[in-house]
Amino acid sequence: MNKIKRKINKVTTGIMMMLTLAVSNVSIVFAKGEADISKTILFIGTKNLFSDLQKGLLGLVAVIAITLFIYFMIRYKMADDTDNKMWKKRAIGTVIAAVCAVVAVVIIPVVLSYYRSK
């Protein structure tokens, strides 16, 4: 059994070495001249997509978070002593997730503001 494991390890090591050599042989090519990425169709479309999604995501996060918080607090009030901790943790987790989501949605325009063309 040990011989089989050693052979498998040797083959795996050989394959990993070949993959490492193949990946390290990649050459990087840079474009000549000025390449302004902010004027490409892909960048402009992605920027517009993020700015359009910002308002919708903020509303969606608010509705889902408030609904889940109310549900968890109702379950917390109706639960017995052993389940109280679980429902309280879920309510707190919902609030934390909502705050993180709102912060992420607010960061989008800040990041996009750095990509405005001069």
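Q: Is Phe-72 buried or exposed, and what is its relative accessibility?
A: Buried means under 20% relative accessible area, exposed means over 50%, and partly exposed lies in between (1.4 Å probe, protein chains only). Phe-72 has 11% relative accessibility, so Phe-72 counts as buried. This is a predicted model, in which local features need pLDDT of at least 70 and side-chain atom pairs count only at pLDDT 80 or more, while totals for chains, interfaces and linings use all residues. Residues are numbered from 1 along each chain as its sequence is written, and side-chain values use heavy atoms, with hydrogens and water left out.

Q: What is the average pLDDT of the protein, and which element has the lowest mean?
A: The pLDDT is the predictor's confidence in each residue, from 0 to 100. The protein averages 80, and 81% of the residues score at least 70. Among the elements, helix α1 (residues 2–24) has the lowest mean pLDDT, 80, and α3 has the highest, 87.

Q: How many helices and strands does the protein have?
A: Helices (H or I, at least four residues) and strands (E, at least two) are DSSP runs, numbered from the N terminus. Here there are three helices and zero strands, and the order from the N terminus on is α-α-α. Of the 118 residues in the protein, 12% are buried.

Q: How many aromatic pairs does the structure hold?
A: A pair of aromatic rings is described by the distance of the centres and the angle of the planes. Rings of Phe, Tyr and Trp (its six-membered ring) pair if their centres lie within 6.5 Å; planes under 30 degrees apart count as stacked, over 60 as edge-to-face and the rest as tilted. The structure holds three such pairs. One of them joins Tyr-71 and Trp-87 edge-to-face, with 6.2 Å centre to centre and 90° between the planes. Tyr-71 lies in helix α2 (residues 41–78) and Trp-87 in helix α3 (residues 81–113), so this pair ties together parts that are 16 residues apart in sequence.

Q: Which residue forms a tilted aromatic pair with Trp-87?
A: Phe-72 does, at 5.7 Å centre to centre and with 40° between the planes. Phe-72 belongs to helix α2 and Trp-87 to helix α3, so the pair ties together parts that are 15 residues apart in sequence. Ring pairs link Tyr-71, Phe-72 and Trp-87 into a cluster.

Q: Which residue lies over the face of Trp-87?
A: A charge sits over a ring if NZ of Lys or CZ of Arg is within 6 Å of the ring centre and within 35 degrees of the ring normal. In this model Arg-90 lies over the face of Trp-87, at 4.7 Å from the ring centre.

Q: Which elements give two or more residues to the nonpolar patch?
A: A nonpolar patch joins side chains of Val, Leu, Ile, Met, Phe, Trp or Tyr within 5 Å, from residues with over 30% relative accessible area and no salt bridge. A salt bridge is a side-chain nitrogen of Lys or Arg within 4 Å of a carboxyl oxygen of Asp or Glu. The patch here covers about 890 Å², and its residues include Ile-66, Phe-69, Val-95 and Val-111. The elements that give two or more residues are α2 and α3. Phe-69 is in helix α2 and is partly exposed, with a relative accessible area of 34%.

Q: How many residues apart in sequence are Val-106 and Gln-54?
A: They are 52 residues apart in sequence and 7.8 Å apart in space, C-alpha to C-alpha. Val-106 is in helix α3 and counts as partly exposed at 46% relative accessibility.

Methods. Patches are made of residues with over 30% relative accessible area and no salt bridge: like charges are joined within 9 Å, nonpolar side chains (Val, Leu, Ile, Met, Phe, Trp, Tyr) within 5 Å. Accessible areas come from the Shrake-Rupley method with a 1.4 Å probe; for residues, only the protein chains shown count as cover.
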